[in-house]
Amino acid sequence: VRYLKGRKTFVIGDDTTFGEDVAERDAKEVTLAGRATVTSDQKDFTATAREVASSKAEAVYFGGIGDDGGLFVKALWAVDKTITIIGGDRLIASSFFDGAGDADAGVVATCPCVPADTGVTHFHDLFQARFGTGPGFYAPEAYDAAQILISGIRAGKTSRDNLLDWVDTYDADGITRHLHFAPNG
């Protein structure tokens, strides 16, 4: 959302719980050019794209899943290629790229995950060799989470309470970053 500060932004959310929540939060943080809701099974985004273009928005925040996000981007760029398009991590999916086609270039997707090609090269290479494809987003974080639990089990923490205590006091480096949990988790 910081990237959108000062820009007239049109906020779109789809009808998923994720889309509704993120659109509501982001609409409060930007200079609002307009809002729209789309459905996750929608296939034609022409009317929404025209509404965005006529609002004179400088940017669009798309809060939704990859399937409808890709189709929306394709429709918007058929109307106006100058509008910056930003979305959340739900756009980092093959369904987004399938729907957007060549229109995916230049779309910004935010993700609190560690990029699969940053700082985890060895993990990426091992994953690629074993499974024939690169790891997806959050795979390194999932690996770290699993390693915390596995290390606890190897240390004999096999009851739920003992393993929870292990996690609460865990303090070591993972492949993504140093891992330590605050009292609130």
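Helices (H or I, at least four residues) and strands (E, at least two) are DSSP runs that are numbered from the N terminus. The views below show a predicted model, in which local features need pLDDT of at least 70 and side-chain atom pairs count only at pLDDT 80 or more, while totals for chains, interfaces and linings use all residues. Residues are numbered from 1 along each chain as its sequence is written, and side-chain values use heavy atoms, with hydrogens and water left out.

**View 1. The protein chain holds 7 helices and 7 strands.** Read from the N terminus, the elements follow the order β-α-β-α-β-α-β-α-β-α-α-α-β-β. Of the 185 residues in the protein chain, 38% are buried, where buried means under 20% relative accessible area, exposed means over 50%, and partly exposed lies in between (1.4 Å probe, protein chains only). If a contact is taken as heavy atoms within 4.5 Å, then among the contacts in the protein chain between residues at least 6 apart in sequence, 61% join residues at least 24 apart. The protein chain exposes about 10600 Å², and carbon and sulfur atoms supply 52% of this area, which was computed by the Shrake-Rupley method with a 1.4 Å probe.

**View 2. R35 and E24 form a salt bridge between a strand and a helix.** The closest N and O atoms of R35 and E24 are 3.3 Å apart. Because R35 lies in strand β2 (residues 31-38) and E24 in helix α1, the pair ties together parts that are 11 residues apart in sequence. R35 is partly exposed, at 37% relative accessible area, and E24 is partly exposed as well, at 36%.

**View 3. Q147 has its place in helix α6.** This helix covers residues 139-154, and Q147 counts as partly exposed, with a relative accessibility of 28%. Q147 and I175 are 28 residues apart along the chain, and their C-alpha atoms are separated by 9.9 Å.

Note on methods: Salt bridge = Lys/Arg side-chain N within 4 Å of Asp/Glu carboxyl O.
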